[in-house]
Amino acid sequence: MNNAGLENKGAPVAEIELEEWDRILDINLRGTFVSMKHELAQMGRQGGGVVVNTASGAGNRGIAGGAAYGDFKGAIIGLTKSAALNCVASNIRMNAVLPGNIETPMMDRFTAGDIRKAIDFEPVGRLGKPEEIADAVPWMSADLGALITGASISVDGGWSL
């Protein structure tokens, strides 16, 4: 499981500093890529395996003021799909989990401590819990999900609909 993620300082695209863009790129996308590179090499040697990457619903729908975060999470979705096609013949499955608004310190920072801002956008009327994201990963990784590869599965209480 690759779970690298850091939000950018909220700003419109034209105001994002290049250093900030590069920092988020290095952590969110490059960090996931480097981990995958080594995991896939090992899984190839051992005859198979499963990798789950954490992307985000923001990678599909975008997020105002969060272009760097959303763009790189969208890139993780694409990277997961490409790697899945490359690895399927080696008995390696690749999937991505796409959390929505989850009760985390990142959400506290994003909402400046006013969680109600995020809850108002949630069809289920609450934020998700980290455990609810974690619960999706074993299912995606187990034999029960043996036919699932290249998938991006939203775990977001309907936020992405």
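Predicted model: local features only at pLDDT ≥ 70, side-chain atom pairs only at ≥ 80, totals over all residues.
**Helix α6**
- Helix α6 covers residues 130-141, a run of 12 residues. From first C-alpha to last it reaches 18 Å, close to the 16 Å expected at 1.5 Å a residue.
- The buried residues of α6 are Ile133, Ala136, Val137 and Met140. Viewed down the axis of α6, the buried residues fall within an arc of 110 degrees, so they line one face of the helix.
- Glu131 and Asp135 are exposed, and they sit on the face of α6 turned away from its buried side.

**Ser56**
- Ser56 belongs to the loop between β1 and α2 (58-61).
- With a relative accessible area of 6%, Ser56 falls under the 20% limit and is therefore buried.
- The Ser56 side chain reaches the backbone nitrogen of Ala58 at 3.0 Å.
- Apart from neighbours within four places in sequence, Ser56 is in contact with Tyr69, Lys73, Ile77, Val97, Leu98 and Pro99.

**Largest pocket**
- The largest pocket holds about 600 Å³ of space.
- Its lining comprises 30 residues, and those nearest the centre of the pocket are Tyr69, Pro99, Gly100, Thr104 and Met106.
- Tyr69 and Pro99 are among the residues in contact with Ser56, and both are also listed among the residues nearest the pocket centre.

Key: Residues numbered from 1 in each chain as written. Heavy atoms only, no water. Helix = DSSP H or I, 4+ residues; strand = E, 2+ residues; numbered from the N terminus. Expected span 1.5 Å × (residues − 1). Buried < 20%, exposed > 50% of the residue type's maximum accessible area, 1.4 Å probe, protein only. Arc of directions from axis to C-beta. Polar contact = N/O pair within 3.5 Å; in protein donor to acceptor, adjacent residues only side chain to side chain. Contact = heavy atoms within 4.5 Å. 1 Å grid on protein atoms, 1.4 Å probe; cavity = no way out; pocket = protein on both sides within 12 Å on 5 of 7 lines; lining within 4 Å. Points joined across faces, edges and corners; volume = space filled by probe spheres on them.
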